[in-house]
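Thank you all for making the time today. I would like to walk you through one structure, slowly, starting from a single pair of side chains and widening the view from there.

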Amino acid sequence: MNKATGERVPDDIMLVAMRKEISRLQGVIADLKRKDPDECPIYGPLKRRGNGAWRGD
């Protein structure tokens, strides 16, 4: 439904919009898979020391 008017959106327009959103999300997933698993978005790269993980000592 169109939020502003309350009318039903035609199927062909909805299909195009859904395909664009799926494509965008697939790009986001691909970017996340390429990132370093040891990098925190807040703190940056996580450094492993000792037995391989920080224990909070």
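This is a predicted model: local features need pLDDT of at least 70, side-chain atom pairs count only at pLDDT 80 or more; totals for chains, interfaces and linings use all residues.

Let me begin with a question: which residue does arginine 24 form a salt bridge with, and how far apart are the closest N and O atoms? The partner is glutamate 21, and the closest N and O atoms of the two are 2.7 Å apart.

Another of them joins arginine 34 to aspartate 31, with the closest N and O atoms 2.2 Å apart. Here again the two residues are three apart in helix α1, so that about one helical turn separates arginine 34 from aspartate 31. Arginine 34 is exposed, because its relative accessible area is 62% and the cut-off for that word is over 50%, whereas aspartate 31, at 40%, is counted as partly exposed. The remaining one is between arginine 8 and aspartate 11, whose closest N and O atoms are 3.1 Å apart, and both arginine 8 and aspartate 11 are exposed.

Let me now step back to the overall layout. The protein has one helix and two strands, and, reading from the N terminus, these elements run in the order α-β-β. Helix α1 covers residues 11-34, and strand β2 covers residues 44-45.

How much of the protein is buried? Of its 57 residues, 4% are buried. The accessible surface comes to about 5800 Å², and 57% of that surface belongs to carbon and sulfur atoms. On this surface there is a nonpolar patch of about 250 Å², made by Leu25, Val28 and Leu32. To take one of these, leucine 32 lies in helix α1, and it counts as exposed because its relative accessibility is 55%, while the word applies to values over 50%.

A further residue of the helix that I would like to point out is methionine 14, which is found in α1 and, with a relative accessibility of 33%, is partly exposed. Methionine 14 is 13 residues away from methionine 1 in sequence, and the C-alpha atoms of the two are 9.7 Å apart in space.

Moving to the segment before α1, we find threonine 5 there, a residue that counts as partly exposed at 49% relative accessibility. A polar atom of the threonine 5 side chain lies 3.3 Å from the backbone nitrogen of glutamate 7.

Finally, a word on confidence, which should be kept in mind when looking at the picture. The average pLDDT of the protein is 79, and 63% of the residues score at least 70. Among the elements, where is confidence lowest, and where is it highest? It is lowest in strand β2, with a mean of 66, and highest in α1, with a mean of 92.

Conventions. Residues are numbered from 1 along each chain as its sequence is written. Side-chain values use heavy atoms; hydrogens and water are left out. Helices (H or I, at least four residues) and strands (E, at least two) are DSSP runs, numbered from the N terminus. Buried means under 20% relative accessible area, exposed over 50%, partly exposed in between (1.4 Å probe, protein chains only). Accessible areas come from the Shrake-Rupley method with a 1.4 Å probe; for residues, only the protein chains shown count as cover. Patches are made of residues with over 30% relative accessible area and no salt bridge: like charges are joined within 9 Å, nonpolar side chains (Val, Leu, Ile, Met, Phe, Trp, Tyr) within 5 Å. A salt bridge is a side-chain nitrogen of Lys or Arg within 4 Å of a carboxyl oxygen of Asp or Glu. pLDDT is the predictor's confidence in each residue, from 0 to 100. A polar contact is a pair of N or O atoms within 3.5 Å; within protein, one must be able to donate a hydrogen and the other to accept it, and residues adjacent in sequence count only if both atoms are side-chain atoms.
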